[in-house]
Amino acid sequence: MTSQEENFMRKIEADEKIEPKDWMPEAYRKNLIRQMSQHAHSEVIGMQPEGNWITRAPSLRRKVVLLSKVQDEAGHGLYLYSATETLGITRAELIAALQSGEAKYASIFNYPTLTWGDVGAIGWLVDGAAIVNQVSLQRTSYGPYSRGMIRICKEESFHQRQGYEALLALANGSPEQKQIAQDSLNRFYWPALMMFGPHDSESAHSAKSMEWKIKRETNDDLRQKFIDQTVPQIEVLGLEHPDKAIKWNEERGHYDSGEIDWDEFYSVINGNGHCNRQRVEHHIAAHDEGTWVRDAITAYNEKKNAKKAQNVA
Amino acid sequence: MNTEKLELFEVFIRSKRGLDHKHIGSLHAEDHEQALEYARDCYTRRSEGVSIWVVKSNDICSSQEDDAECFYDPSDDKPYRHATYYVLPDPVNNM
Amino acid sequence: MSDAIKQATLEYVIRLGDDSVVLGHRISEWVSYGPFLEEDIAYGNVALDYIGRARMYYSYAAELADDGRTEDDFPYMRSDREYRNLLLMEMPRGDFAYSQVRQLLADAYAAVMLPELVKSKDETIAAVAAKAIKETKYHLRRSRDWVLRLGDGTEESHKRTQKAVDQLWGYTHELFDMDETEQLLADNGIGVDVSKLRDAWHAMVSEILTTATLTVPDDSWAVRGGRTGYHTENLGHMLTEMQIVHRSHPGCQW
């Protein structure tokens, strides 16, 4: 080990943060860029399924809540791109990787939002799962990522609550509304569990990420936390649990649960979700349509600077 | 794709009067004015600030980790800069 | 408050609510379609301001109507023929230039109208206006900057922006029309006499357009009808989408 590597590992072991200008192993940098940009892309692509319902929100209150929630996702995308850029890569490069398919985003967003209930389910379950993961990541070893997570966690506490509240209104509403809530729960529960990634034994990046303290808890541990916290929440809603095998295990102090359909997980990741192509195409279309706008402000600014220079001369 | 010519700005926010501006993140904008407006929209959605600074990231000159030894270590052997270095009798020790 | 004035005030508040919700809805259509992330977030704030304004007007309308209707009954349970918004607000999202030009025209209107509305003897209306004035100051700065950048940017952006100005101009005349309802309220110090505001609006908009190297259109055409429910075809489609969930479950809570 070189002295640089030793110094780096000493900091990691002492739980000191790594900061942008510090020396870091190239693999650490790459691993971070992969994970952080995937996280940023997830926020940005995640705007689409919920944004799909802004124009149809059933009350003005729900409309402003959803709008500000989706706006937060954009904000969180921005924080994360901003943190990733400290690793010496530009946002343009990150976006190019997203659009070419080289970079990934959370596969959950390849599922369609078909009813108003799905907006509630996403806030409650998808943001809920994301928060479990993000709370853990507040202790991640890279300073800018950790600070971004702290900020995001603080802002996101309303996301899960608004989603649950929306579902609660449905669950306590008419029989049709309750059916909508149950249907959304059924469709989003399992994909939310998949958000924690494959079992630890199958996870390609886990070991190294744990050693470098980029990840602080394993996929399965985080998933178990989420499973445990969700059971009473489903009970309060008065809905049926989608997992028929769910059962309290006194000895473990956790709920035992049924097996996730990993074939579906890999199938959706590999392009067979309802919305894989749509999500990326949407992003590309908006980005392309924005080209003339971005060109215009650049041209305007160049003219303005030229005028300023002329006035000085 | 390579049309992203927007510049990178660092954002600093004073959360309330009496406190320092604190670095909070970065954003892309065409010029300082636009950066300031976007900083308001992107970083103060929950009334987090009373004042914002934006600085072009390229204009920031940063110390290097390798410099740390010559930058900071020399201060380590100058304990006389700290109040605790001076031993005073108890009755006047709250000085 | 006499009955006639109370009725007129209710009608007036609904008009202002309709303007706000329709424009807010149009802006919200930009979410995830902005030219870059920062703009997506910023424009969302403007949408939130407008929809927030609509909620304040509609809850006051519910209070005035006092017939069991709530804030949401006004936007969700009326058809386009019952809507009273200005046509300018309902025009489709269009491209970014079109939206920003419409925004400028609407923001400039708010900038000349709200300082009058804030003097309203109706305290609720005055309070909404006071809040909206602050928001508008920021909105106008944004839309003005965008029109300057787009108008004096590239050849393409100039062309798109001029086209938007030309296509929207004819819908701005009715912004300054008065009818019996609004006259009654203006005479009683509750509403604004908008017919007196066109010069100030025209001067403000012309200055910005000219600086942006754009041509101020002549007043050769004018479409009117928003305040009487005689809308363009756009509003019906917008409301169909906006109201679908709410109307599919009559009487339900959300």
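**Entry 1: a pair within one helix**

I began with A:Glu155 and A:Arg151, which both sit in helix H7 of chain A, 4 residues apart, or about one turn of the helix. Helices here are DSSP runs of H or I with at least four residues, strands are runs of E with at least two, and both are numbered from the N terminus. The side chains of A:Glu155 and A:Arg151 form a salt bridge at 3.9 Å, N to O. My rule for a salt bridge is a side-chain nitrogen of Lys or Arg within 4 Å of a carboxyl oxygen of Asp or Glu. Searching the whole structure, I found 53 salt bridges over all chains.

A note on the ground rules: this is a predicted model, in which local features need pLDDT of at least 70 and side-chain atom pairs count only at pLDDT 80 or more, while totals for chains, interfaces and linings use all residues. Residues are numbered from 1 along each chain as its sequence is written, chains are lettered from A and ligands numbered from 1 in the order in which they are written, and side-chain values use heavy atoms, with hydrogens and water left out.

**Entry 2: chain A against chain C**

Next I looked up where chain A meets chain C. I found 46 residues of chain A in contact (heavy atoms within 4.5 Å) with 48 residues of chain C. The buried area, meaning the accessible area (1.4 Å probe) lost when two parts are put together, summed over both, is about 4000 Å² for chain A and chain C. Carbon and sulfur atoms give 69% of that area.

The rule finds 3 salt bridges across this interface. I looked at C:Asp152 and A:Lys303, whose side chains meet in a salt bridge at 3.1 Å, N to O. I also counted 15 residue pairs in polar contact between chain A and chain C, both residues at pLDDT 80 or more. A polar contact is a pair of N or O atoms within 3.5 Å; within protein, one must be able to donate a hydrogen and the other to accept it, and residues adjacent in sequence count only if both atoms are side-chain atoms.

Which elements build the side of chain A that touches chain C? Those giving two or more residues are helices H3 (47-51), H4 (60-85), H7 (143-171), H8 (175-194), H12 (276-289) and H13 (291-312) of chain A. H4(A) brings the largest share, 14 residues. By class, this side of chain A has 24 nonpolar, 11 polar and 11 charged residues. Nonpolar covers Ala, Val, Leu, Ile, Met, Phe, Trp, Tyr, Cys and Pro, charged covers Asp, Glu, Lys and Arg, and the others, Gly among them, are polar.

**Entry 3: chain C against chain B**

Then I turned to chain C and chain B, where 12 residues of chain C contact 12 residues of chain B. They bury about 1100 Å² between them, 49% of it on carbon and sulfur atoms. C:Glu38, C:Tyr138 and C:Arg149 supply 47% of the area that chain C buries against chain B, more than any other three residues.

I noted 2 salt bridges between chain C and chain B. H2 and helix H6 (123-151) of chain C each give two or more residues to the side that touches chain B, and H6(C) gives the most, with 6 residues. That side of chain C divides into 5 nonpolar, 1 polar and 6 charged residues.

**Entry 4: enclosed and open spaces**

Last came a 1 Å grid over the protein atoms alone: a cavity is a set of points where a 1.4 Å probe fits but cannot get out, a pocket is an open set with protein on both sides within 12 Å along at least five of seven lines, and lining residues have an atom within 4 Å of a point. Grid points are joined across faces, edges and corners, and a volume is the space filled by probe spheres set on the points.

I found 6 cavities of 30 Å³ or more. The largest cavity has a volume of about 240 Å³. Its lining has 18 residues, and closest to its centre are A:Val44, A:His283, C:Gly34, C:Phe36 and C:Leu37. H12(A) gives the most to this lining, with 4 residues.

The second largest pocket has a volume of about 1100 Å³. Among its 32 lining residues, A:Arg147, B:Glu10, B:His23, B:Ile24 and B:Gly25 are closest to the centre. H7(A), the helix of my opening entry, supplies the largest share of this lining, 7 residues.
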